[in-house]
Amino acid sequence: MAPERESTRERTPVGATAASRPRARLDQPRPPRRRILPEWDPEAFGRLSEKIARFLGTGRFIVWMTIVIIAWVVWNIAAPRQLRFDQYPFIFLTLMLSLQASYAAPLILLAQNRQDDRDRVNLEQDRKQNERSIADTEYLTREVAALRMGLGEVATRDWIRSELQDLLKDLEERRRHESHVLFPAERAERSPGRDADDR
């Protein structure tokens with residue numbers, strides 16, 4: 001009987017670590033953890049990369065880059081020697097253009113990946129819409145076929161009109177053929193040699 005009593009009692013935490021550990025409340029969200037690395041919104045970064053990639057693909061960027069390179073070269077050739085910051089082989093200009101290209105390529109790739117994701121989602125939505133349209137078209141085709149089959153058994157106004165016209169023609173033809181043949185009662189009335197008493 002003693003083991004049953006122990007099983008019904010509540011167990012208390014044993015040890016220093018179990019007693020000092022705070023219980024997590026399940027009805028409240030956890031507090032945010034501190035992170036060493038800075039956090040950023042990937043969507044905001046993606047939108048920024050798309051804006052930069054769109055600007056890099058315009059004629060305005062090429063015009064501005066051409067103006068900056070020409071000004072750079074002219075300044076480093078025509079300016080006084082103590083004001084020049086990049087001598088003739090223009091190594092610093094080459095470094096700046098390489099740096100610009102090394103940043104432009106990943107930004108363009110990131111923008112293309114985002115566009116591919118959007119195209120994939122749009123393609124999936126178009127595919128589902130096409131499937132729904134095909135299903136609706138098949139349903140309507142079946143319904144129209146059922147209506148045609150049902151209408152094949154129903155008398156339409158034109159069919160009834162044509163049937164009545166055929167009947168009228170038949171009656172008129174019969175009347176023409178039978179106009180010289182009289183019914184027996186009409187013959188008795190029209191025959192002159194018979195009396196009314198004979199009847």
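This is a predicted model: local features need pLDDT of at least 70, side-chain atom pairs count only at pLDDT 80 or more; totals for chains, interfaces and linings use all residues.

Reader: What makes up the secondary structure of the protein chain?

Author: The protein chain has 7 helices and 0 strands. Helices (H or I, at least four residues) and strands (E, at least two) are DSSP runs, numbered from the N terminus. Along the sequence the pattern reads α-α-α-α-α-α-α.

Reader: Why is Ala 104 called buried?

Author: Buried means under 20% relative accessible area, exposed over 50%, and partly exposed in between (1.4 Å probe, protein chains only). Ala 104 has 11% relative accessibility, so the residue counts as buried. Ala 104 sits in helix H5 (residues 91–153). Of the 199 residues of the protein chain, 8% count as buried.

Reader: And why is Leu 99 called partly exposed?

Author: Leu 99, also found in helix H5, has 42% relative accessibility and therefore counts as partly exposed.

Reader: Which residues of H4 are buried, and why are they said to line one face?

Author: Phe 61, Trp 72 and Asn 76 are the buried ones in H4. Down the axis of H4, these buried residues fall within an arc of 20°, so they line one face of the helix. The arc is that of the directions from the helix axis to the C-beta atoms. The face of H4 turned away from its buried side carries the exposed residues Arg 60 and Ala 78.

Reader: What about helix H3?

Author: In H3, the buried residues are Gly 46, Ser 49, Glu 50, Ala 53 and Leu 56. Seen down the axis of H3, they fall within an arc of 125°, so they too line one face. Lys 51 and Arg 54 are exposed on the other side of H3.

Reader: What makes two rings an aromatic pair?

Author: Rings of Phe, Tyr and Trp (its six-membered ring) pair if their centres lie within 6.5 Å; planes under 30 degrees apart count as stacked, over 60 as edge-to-face and the rest as tilted. By this rule the count comes to 4 aromatic pairs. One of them joins Phe 55 and Phe 61, at 5.6 Å centre to centre with 75° between the planes, and is edge-to-face.

Reader: Why is the pair of Tyr 88 and Phe 90 called edge-to-face?

Author: The ring centres of Tyr 88 and Phe 90 are 5.9 Å apart and the planes stand at 65°, so the pair is edge-to-face. Tyr 88 has a relative accessible area of 65% and is therefore exposed, whereas Phe 90, with 12%, is buried.

Reader: Which residues do ring pairs link into a cluster?

Author: That cluster consists of Trp 72, Phe 85 and Phe 92.

Definitions and conventions
Residues are numbered from 1 along each chain as its sequence is written. Side-chain values use heavy atoms; hydrogens and water are left out.
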